[in-house]
Structures are given as C-alpha cells and as structure tokens.
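Hi,

Here is the structure I promised to pass on. Have a look at it first, and then read on for what turned up.

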Amino acid sequence: MFKKKAIYWILLAVLCSALPVSKIFTSGIEDQTNYQSRQVIQPDGNSAHRQADLMTVHFLDVGQADSIFIDFGSYEILVDGGNIGDGPYVSDYIRPYVDASLDLVVATHAHEDHIGGLGHVISSYQTDRIIYSDEVSSTRAFQDFYETAVSEPGCTFSGDSDTIINMGGGAQFIILEMGDGFRNPNENSVVSMVDYNEVEILLTGDLESNIEKKNLTKFRDVDVLKVGHHGSKTASSQAFLDVVKPEVSMISAGLDNRYSLPNADIISRLISMDSTVYGTFRSGDIILTTDGDQYHITADIPLKPDDAGAASVQK
C-alpha cells in the first residue's frame with residue numbers, strides 16, 4: 001500500500017494557513033473542535049454525491065471497554081458494545097446514523113467489556129445479522145447478549161468464519177478467521193477489517209500475541225489499527241506489527257483503569273514504527289472520516305509512553 005499520510009498532512013497544513021475552517025475538509029467531515037455535538041460541516045457543490053462517498057468509523061469512549069461503529073451510506077456495523085452499563089450510551093450515540101436497521105453486529109468475544117452493552121443495543125434496533133466468536137459463557141453479560149441475539153426477529157446469528165461482506169460503493173467488511181475453541185476468550189476474538197478502496201482499518205478485539213503469530217499470513221499493511229486488548233503487552237507483538245505497519249493506532253481504555261493499560265512498552269513499540277497513537281481516554285470519542293482515498297481523524301492528542309496506565313493526572 002502506498003503511504004499517503006505524510007503528503008496529505010503537508011498539503012493540509014498549507015490549506016489551513018490559507019483558508020478559513022469552513023473551506024477545509026469540504027466533504028462533510030465532522031468538526032474536530034466539538035466531539036460531543038458531532039456537528040457536520042456541510043460541503044459546497046454536490047453534497048449528496050460527496051456524502052454518499054464518505055465513511056465514518058467511530059471509536060467510542062466507553063471507558064475500559066471496546067465499541068466501534070461504522071457508517072457508510074445506509075450500511076451500519078457495530079463491533080462490540082462496551083460493558084453492560086454502556087448499552088444505553090452506545091445505543092443513543094449511533095441513533096443519528098442508523099437509517100433503518102443495524103446491518104451487522106459483531107461480538108468479538110465473550111468478555112463483558114466487549115459484549116456487555118450489545119443486548120441493550122440489539123433490543124433497541126432491528127438487527128439483520130450478528131456474528132460472534134462461537135463460544136459460550138455462563139456470565140450474565142454473555143447470557144444477556146446470547147438470549148437477545150437468538151430471539152431477534154429476522155436476524156441471522158452465526159459464528160465467525162472467513163467472510164467478505166459487500167457494503168456497497170467499493171467498501172468491504174472482511175472477517176479474518178483466527179481459529180476457535182481456545183480456553184482464553186481473548187484468543188477467540190473475531191478479527192475484522194474495513195477495506196474501502198485505498199484505506200484499510202484493522203479491528204482485532206483482544207487478540208493475543210500467540211494467535212497473531214499463528215495467523216501472520218492473513219494480515220497485511222493497513223492504515224489504521226485498533227490496538228488489541230486495550231494496549232496490553234499480551235497483544236501487538238513485534239512480528240504482527242512488522243506485517244500490518246499501521247500509520248495510526250487507536251487504543252480504547254479507561255482513565256485510571258485497574259489494569260494499568262495501555263502498557264508503556266506497547267505505546268513505545270508503536271511510536272518506534274512511526275505510528276501515531278491515540279487513546280479514547282485522552283481524546284474521548286474518536287471519529288475517522290474517509291472517502292476511500294484519504295482519511296481524517298478528529299483526535300489531536302497523540303499518546304506518548306508517559307500516558308501508560310491512562311492516568312488522569314499525567315506525569
């Protein structure tokens with residue numbers, strides 16, 4: 001893949017110095033100065049055509065948990081839903097974007113911080129398809145998710161396997177089967193990739209390093225990586241990163257979390273590979289907008305090794 005980021009941001013800096021904000025990002029990209037309002041800057045010209053070409057990927061700030069929402073025209077995908085208590089927030093957040101039904105929900109694995117809020121979301125929207133890690137658990141979070149999923153009317157509910165889902169407009173959502181039946185639920189994580197023309201975004205759940213290494217041939221150079229297991233040292237092996245080479249890395253973690261995530265060595269490893277690292281615990285909800293060629297990210301607080309542990313009081 002041709003790396004576009006350096007050229008893009010140099011051109012962007014020139015534009016910023018010469019034009020008012022309303023003339024920059026004239027493709028409906030969301031205003032990075034106001035994360036909560038999600039107010040769209042309307043483009044000039046044929047806005048309907050331009051808006052139809054735009055995809056947004058939202059890395060939600062759900063504390064020490066994961067939730068990613070993808071919106072492309074009338075096609076919407078939710079990957080994980082945070083903890084049980086995050087269900088109402090996730091459901092309300094995606095409401096302005098869901099046109100009719102949720103086309104796809106992906107439950108990466110059985111841990112509460114990934115599937116906890118999905119029961120609420122599935123109950124709130126007609127959901128057409130659900131893919132999960134094909135494992136079972138006796139926890140309340142999993143039982144709530146599973147019972148809601150199997151009872152959702154008109155919904156296809158299945159385990160993960162190598163799958164390519166056409167989102168229309170040249171975009172695909174790809175499931176990369178890593179194997180199933182491991183005792184550690186993290187190792188069963190459903191791995192997926194958004195492939196929109198020249199832009200690829202890899203979502204790895206809590207995939208562990210040993211499973212990364214067993215599946216290196218399934219990965220490729222990507223633009224954006226959702227860092228595995230909230231930036232834990234049990235994921236993001238050097239061998240894996242040498243293959244995917246992310247320009248940007250996203251870490252979802254909660255302030256002052258009891259696991260001291262993200263790990264300082266992982267942040268340093270990513271930075272050493274010239275990857276710009278962002279965290280929801282610093283930037284809040286992070287929105288990536290792309291036309292399939294270039295992409296723009298609302299976050300403007302890159303992480304550094306001192307951000308390890310997501311402390312509310314930085315060193």
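The buried residues of H6 pack against strand E4 (104–107), helix H4 (112–115), helix H5 (118–124), strand E5 (129–132) and strand E6 (156–159). Packing here rests on contacts, meaning heavy atoms within 4.5 Å. Helices (H or I, at least four residues) and strands (E, at least two) are DSSP runs, numbered from the N terminus. H6 spans residues 140–150, and its buried residues are Ala 141, Phe 142, Phe 145, Thr 148 and Ala 149. Looking down the axis of H6, these fall within an arc of 140°, so they line one face of the helix. The arc is taken over the directions from the helix axis to the C-beta atoms. Buried means under 20% relative accessible area, exposed over 50%, and partly exposed in between (1.4 Å probe, protein chains only).

Before going further, a note on where this comes from: it is a predicted model, where local features need pLDDT of at least 70, side-chain atom pairs count only at pLDDT 80 or more, and totals for chains, interfaces and linings use all residues. Residues are numbered from 1 along each chain as its sequence is written, and side-chain values use heavy atoms, with hydrogens and water left out.

For the overall picture, the protein has 10 helices and 15 strands. Of its 315 residues, 56% count as buried. Taking contacts between residues at least 6 apart in sequence, 66% join residues at least 24 apart.

Just after H9, Asp 274 takes a positive phi of about 65°. Asp 256 counts as partly exposed, at 46% relative accessibility. Lys 245, in the loop between helix H8 (238–244) and E12, also has a positive phi, near 45°. Its relative accessibility is 41%, so Lys 245 counts as partly exposed.

Now the one I'd open first: Asp 206, in the loop between strand E10 (199–203) and helix H7 (209–214). Asp 206 is buried yet has no salt bridge, and the nearest side chain of opposite charge, Lys 226, is 4.8 Å away. A salt bridge here is a side-chain nitrogen of Lys or Arg within 4 Å of a carboxyl oxygen of Asp or Glu. On charges, Lys and Arg count as positive and Asp and Glu as negative, while His and the chain ends are not counted. Which side chain does the side chain of Asp 206 make a polar contact with? That partner is His 114, at 3.1 Å. A polar contact is a pair of N or O atoms within 3.5 Å; within protein, one must be able to donate a hydrogen and the other to accept it, and residues adjacent in sequence count only if both atoms are side-chain atoms. Not counting residues up to four places away in sequence, Asp 206 touches His 109, His 111, Asp 113, His 114, Asn 186, Ser 189, His 229 and His 230.

Last, the rings. A search of the whole structure finds 12 aromatic pairs. Rings of Phe, Tyr and Trp (its six-membered ring) pair if their centres lie within 6.5 Å; planes under 30 degrees apart count as stacked, over 60 as edge-to-face and the rest as tilted. Ring pairs link Tyr 132, Phe 142, Phe 145, Tyr 146 and Phe 157 into a cluster.

Cheers
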